[in-house]
Amino acid sequence: MKQTIVSVALATLGLGAVAAEFDPALQVLLESRLRAEEQPFCLGAVVVENQVSRYGMVCPEGSRADIDRSLFEIGSVSKVYTGALLALAIERGELLIDDKLAARVPPGTALGSWGGVTLRQLLTHTAGLPRLPGNLTITNPRDPYADFSATRLYAGLADTQPLAVPGARYEYSNLGYMLLGDLLARRAGQSFPTLLQSRLATPLGLGSTFVEVPSQRAADYLSGHDYRSSQGTRWRMDPALAGAGGIKSSLADLGRFMAAQLEAERGEPSTPLLKALRRSHSELWAGVSARLAYGWHRAESAKAGTVWWHNGQTGGFNAYVAFAPGARRAVAVVANADSDIADVGRHLLDPTVPMREPRPDEPIPQAKLQQYVGEYMISPGLMLTVSGGNGRLFAQATGQPGFELFEIAPDRLRADTADVQIVFRRGADDRIDGLMLTQGGRDTAARRVGEGRLTDIAVSQAGSYVGRYQLSPTVIATVSADKGRVKVGLTGQPTFEVYAEAPDRFFYRVVPAKLEFRRDANGRVVALTLVQNGQMMEGKRMP
């Protein structure tokens with residue numbers, strides 16, 4: 001999509017001992033990258049190298065963003081701040097890395113089988129906890145945590161079913177970091193926002209980093225955009241749980257935070273905080289699917305060497321941070337849109353890594369779609385389902401939102417919003433027998449274990465779903481169709497497109513949820529079932 005791009009004027013910024021300057025070449029690169037996007041948004045980046053920080057920021061015409069004041073949601077990048085806070089608590093003698101959950105939760109908390117889980121396991125996503133709390137009911141996918149609290153988090157722990165034995169394998173868990181951030185704050189006798197300010201933001205000079213945006217800075221809090229529309233969206237989260245993904249920050253502050261990571265690696269750390277940051281870079285888990293430190297994920301780069309990174313995405317923002325200690329380089333990239341921008345960060349850290357190519361205009365041929373669809377086993381219990389129809393291809397991992405795939409080369413596809421590339425693997429008979437999934441610079445092989453079939457939705461078939469379905473006395477699902485695309489809206493919530501994975505079966509891309517329509521003996525749609533977080537809601541079609 002062609003857009004009118006405007007450059008954002010940059011002032012020279014102080015960054016402690018690190019000089020900060022505007023980089024025209026970086027500005028041109030960001031302008032080029034933004035033109036490849038379908039939706040307009042502000043895109044900014046900072047590169048820290050040789051005690052100098054170089055900045056660039058571009059926005060569509062009519063929008064502005066200030067490098068030092070404009071606030072972006074950084075999503076799961078918050079986890080490395082939480083990891084740094086734990087490393088500092090260990091340096092201060094307040095906690096030990098292998099302290100058990102049973103010794104740190106509020107008195108009277110029912111833990112079930114989780115009492116023996118350690119802080120190390122929470123940090124490294126190896127506690128066996130699910131991605132999200134089992135008692136989290138997402139009533140608005142654009143604001144999924146708005147109605148969830150720390151009280152409900154602890155109340156649901158005992159009933160939470162494990163995905164694996166603690167310490168056995170990597171299972172990414174927002175739930176684990178919600179717990180970890182709150183436990184750190186309780187141990188310090190402070191709220192999590194106060195802990196973040198007193199121990200990280202203030203000492204590092206992060207004057208535009210917050211959990212709760214002050215009223216006097218409300219105008220600096222940008223509106224987000226998603227890939228479905230330009231509608232602004234922001235996430236609300238109980239401040240006690242913000243260690244999993246509730247921090248807001250400016251591009252300049254992210255640059256300061258990343259400069260501190262490099263400073264901690266330069267010689268002998270001179271302060272307790274720098275010692276804690278150095279500690280937070282220590283590898284704690286090396287498994288088949290991931291290697292982790294205190295929130296940081298490890299990857300290897302041809303030019304930069306070992307890289308520690310994390311990305312973050314909310315309903316309308318995206319962020320990526322990474323640093324390479326050996327190359328003495330760090331990067332941070334932000335956008336007020338949920339379109340994936342990690343490729344920009346990887347390219348800035350290692351120029352031999354290409355940035356994402358523009359989305360192809362041509363649909364994938366039907367014959368090729370049929371070759372790709374099927375079930376692919378990533379690991380026991382983790383399946384990637386590839387489905388498609390009407391010239392479009394989708395993938396969805398077990399318990400995760402789905403994403404659309406676009407072909408950028410024969411058998412090579414990339415996701416539209418996630419940091420994912422997939423290369424389908426062919427056997428001796430030229431049939432697809434597996435795939436290689438690349439995310440965050442890490443390759444994971446998956447074996448094809450099941451065939452699939454295309455689900456083409458004709459305009460007339462999409463129209464057969466249109467109607468209102470009573471899911472509960474207060475919740476009605478309203479189904480509409482537009483040129484063969486099916487959309488669903490629940491009472492009081494936005495309307496979202498759903499995507500066919502089989503006849504009469506659809507999935508959401510915004511949350512891990514599915515819909516199935518039921519027909520009577522005459523083939524008329526008479527009901528639908530919504531499945532989310534293991535819960536089922538069935539609604540009959542209303543007259």
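Mentor: What follows takes up a barrel, a helix pair and some salt bridges in a predicted model.

Trainee: Start with the barrel. Which strands form it, and how are they paired?

Mentor: The closed barrel has 8 strands, running β15-β16-β17-β18-β19-β20-β21-β22. The pairing is antiparallel. From one strand to the next, the twist averages 30 degrees.

Trainee: What makes β17 and β18 a pair?

Mentor: Pairing needs at least two bridges. β17 and β18 are joined by 4 bridges, so they count as paired. The two strands run antiparallel, and β18 covers residues 402-409. Across this pair, Leu-393 stands opposite Leu-405 in β18.

Trainee: Why is Gln-396 called buried?

Mentor: The relative accessibility of Gln-396 is 7%. Buried means under 20%, so the label holds. Gln-396 sits in strand β17, residues 392-397.

Trainee: Which residues does Gln-396 touch, leaving aside its neighbours within four places in sequence?

Mentor: Its contacts include Met-383, Leu-384 and Thr-385. Pro-401 and Gly-402 are also among them.

Trainee: Now the helices. Why are α5 and α6 called roughly perpendicular?

Mentor: Their axes cross at roughly 75 degrees. The range for roughly perpendicular is 65 to 115, so α5 and α6 qualify. The axes come within 9 Å. Helix α5 spans residues 174-188, and helix α6 spans residues 192-204.

Trainee: On to charges. How many salt bridges are there in the whole structure?

Mentor: The search finds 32. Side chains of opposite charge can pair when their charged atoms come close.

Trainee: What makes Asp-68 and Arg-256 a salt bridge?

Mentor: Their closest N and O atoms are 3.0 Å apart. The cut-off is within 4 Å, so the pair passes. Asp-68 lies in the loop between β5 and β6, and Arg-256 lies in helix α7, so the bridge ties together parts 188 residues apart in sequence.

Trainee: Are these two buried, partly exposed or exposed, and how do you know?

Mentor: Arg-256 has a relative accessible area of 11%, which is under 20%, so Arg-256 is buried. Asp-68 stands at 24%, between the 20% and 50% limits, so Asp-68 is partly exposed.

Trainee: Where do Arg-518 and Glu-538 lie?

Mentor: Arg-518 is in strand β28 and Glu-538 in strand β30, 20 residues apart. Their closest N and O atoms are 2.9 Å apart, so this pair also meets the 4 Å cut-off. Arg-518 counts as partly exposed at 42%. Glu-538 counts as partly exposed at 45%.

Trainee: Which residues are linked in a network of salt bridges?

Mentor: Glu-283, Arg-291, Arg-298 and Glu-300 are linked in that way.

Notes: Residues are numbered from 1 along each chain as its sequence is written. This is a predicted model: local features need pLDDT of at least 70, side-chain atom pairs count only at pLDDT 80 or more; totals for chains, interfaces and linings use all residues. Side-chain values use heavy atoms; hydrogens and water are left out. Buried means under 20% relative accessible area, exposed over 50%, partly exposed in between (1.4 Å probe, protein chains only). Contact means heavy atoms within 4.5 Å. Axes are lines fitted to C-alpha atoms, for helices over the stretch in contact, and angles run from 0 to 180 degrees between N-to-C directions. Angles under 35 degrees count as roughly parallel, over 145 as roughly antiparallel, 65 to 115 as roughly perpendicular and the rest as oblique. A salt bridge is a side-chain nitrogen of Lys or Arg within 4 Å of a carboxyl oxygen of Asp or Glu.
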